[in-house]
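User: I would like to go through this model with you, asking at each step what a term rests on. Please set each value against its definition before you conclude.

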Amino acid sequence: MSAAPAAREASGCVGYRAARPEDGRALRRLVHAAGTLEANTGYAYVLLADHFRATTLLAERGGAPVGFVAAYRPPTHPDAVFVWQVGVAPGARGLGVARGLLDALVAAPGCAGVRFLEATVAPSNEASRRLFESFARRRGAPVAWSDGYPEPLFDGPHEAERLIRIGPLAAGAESDL
Ligand SMILES: CC(C)(COP(=O)(O)OP(=O)(O)OC[C@H]1O[C@@H](n2cnc3c(N)ncnc32)[C@H](O)[C@@H]1OP(=O)(O)O)[C@@H](O)C(=O)NCCC(=O)NCCS
């Protein structure tokens, strides 16, 4: 399925589409390829691609998956979309694929009514911090940082995860992803 024009990256060669259950394997492979992401079970990615398909997107180039964003609207505050993981294959980085994924995510019907984009960022992950700050800057949206999930919450060694909350976001055009 090709992406809707509104969801295409400016380069014209990367398309974005909502996930389907059969994308679970591709999601997990992209997580491994990304290198620094914590891999969850294969089952978890099938669930994401099924139950959270409205907010889980794949980026494809020439029909091959090159990136993904896995997100959901937290039941505690559904006016936000929480980006759980975003990853781009090493060979496709620096081309705006992650930027396109976040743009396509907030424009997707699954994000109708969303006013905030949230994510947690490990302090050592500069690329991640820059990606989200760039998203906020391009939209002229306020950014609030808070403690998020400190190290002791995790089982075993795990860097702290600072919470970034971006918004309120201006209402934007919906795509037909
Ligand atoms: C983080 C990641 C998704 C960025 O993907 P990408 O497609 O290369 O990013 P983009 O080309 O869309 O760049 C988006 C913005 O982030 C910035 N950025 C991306 N990678 C960067 C890096 N390594 N260092 C500094 N800034 C970086 C870009 O300069 C751009 O900012 P701009 O709009 O101000 O120019 C990718 O590096 C990745 O998959 N990393 C491993 C997984 C990970 O850490 N994910 C984030 C935590 S869940």
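Analyst: Let us begin with how elements are named: helices and strands are DSSP runs, numbered from the N terminus, a strand being a run of E with at least two residues. On that basis P168 is placed in the segment after β7 (161–166). Please keep in mind throughout that this is a predicted model.

User: What kind of peptide bond joins G167 and P168, and how do you know?

Analyst: The bond between G167 and P168 is cis, as its omega of about 5° shows. For comparison, most peptide bonds are trans.

User: Why is P150 called neither buried nor exposed?

Analyst: Buried requires under 20% relative accessible area and exposed requires over 50%; P150 has 36% relative accessibility and therefore counts as partly exposed. P150 belongs to the loop between β6 (143–149) and β7, and its C-alpha is 10.0 Å from that of L163, a residue 13 positions apart from P150 in sequence.

User: Is L30 buried or exposed, and what makes it so?

Analyst: L30 has a relative accessible area of 5%, which is under the 20% cut-off, so L30 is buried. This residue sits in helix α1 (residues 24–34), and although L30 and P65 are 35 residues apart in sequence, their C-alpha atoms are 7.9 Å apart in space.

User: Why is strand β2 described as largely enclosed by the rest of the structure?

Analyst: Strand β2 covers residues 56–61, and five of its six residues are buried, which is why it is described as largely enclosed by the rest of the structure.

User: How do you know that β1 and β2 pair, and in which sense do they run?

Analyst: Pairing asks for at least two bridges found by DSSP, and five bridges join β1 (residues 14–18) to β2, so the two strands pair, running antiparallel. Within this pair, G15 stands opposite E60. R17, also found in strand β1, is buried at a relative accessible area of 3%, and its side chain makes a polar contact of 3.1 Å with the side chain of E60.

User: Which residue in the hairpin of β2 and β3 takes a positive phi?

Analyst: That residue is G62, with a phi near 60°, in a hairpin that has two residues between the strands. Most residues other than glycine have a negative phi. The two strands, β2 and β3 (residues 64–72), pair in the antiparallel sense over six bridges, and T56 stands opposite A70 of β3.

User: Why is the link between the side chains of Q85 and Y45 called a polar contact?

Analyst: A polar contact needs a pair of N or O atoms within 3.5 Å, one able to donate a hydrogen and the other to accept it; the contact joining the side chains of Q85 and Y45 is 2.7 Å, and it therefore falls within that limit. Q85 lies in strand β4 and is buried, with a relative accessible area of 5%.

User: Which residues come nearest to the ligand?

Analyst: Of the 21 residues around the ligand, V86, G94, N125, S134 and R137 come nearest. An oxygen atom of the ligand is 2.7 Å from a polar side-chain atom of N125, an oxygen atom of the ligand is 2.7 Å from an N or O atom in the side chain of R137, and a polar backbone atom of V88 lies 2.8 Å from an oxygen atom of the ligand.

User: What lines the largest pocket, and how many of its lining residues are nonpolar, polar and charged?

Analyst: The largest pocket holds about 1200 Å³ of space and is lined by 38 residues, among which L37, V86, N125, S128 and F132 lie nearest its centre. Elements that give two or more residues to this lining are β4 (80–88), α3 (97–107), β5 (116–121) and α4 (126–139), with β4 giving the largest share, seven residues. By class, the lining has 20 nonpolar, 12 polar and six charged residues.

Note on methods. Residues are numbered from 1 along each chain as its sequence is written. This is a predicted model: local features need pLDDT of at least 70, side-chain atom pairs count only at pLDDT 80 or more; totals for chains, interfaces and linings use all residues. Side-chain values use heavy atoms; hydrogens and water are left out. On a 1 Å grid over the protein atoms alone, a cavity is a set of points where a 1.4 Å probe fits but cannot get out, and a pocket is an open set with protein on both sides within 12 Å along at least five of seven lines; lining residues have an atom within 4 Å of a point. Grid points are joined across faces, edges and corners, and a volume is the space filled by probe spheres set on the points. Helices (H or I, at least four residues) and strands (E, at least two) are DSSP runs, numbered from the N terminus. Ala, Val, Leu, Ile, Met, Phe, Trp, Tyr, Cys and Pro count as nonpolar, Asp, Glu, Lys and Arg as charged, and the others, Gly among them, as polar. Buried means under 20% relative accessible area, exposed over 50%, partly exposed in between (1.4 Å probe, protein chains only). A residue is near a molecule or strand if one of its heavy atoms lies within 4 Å of it.
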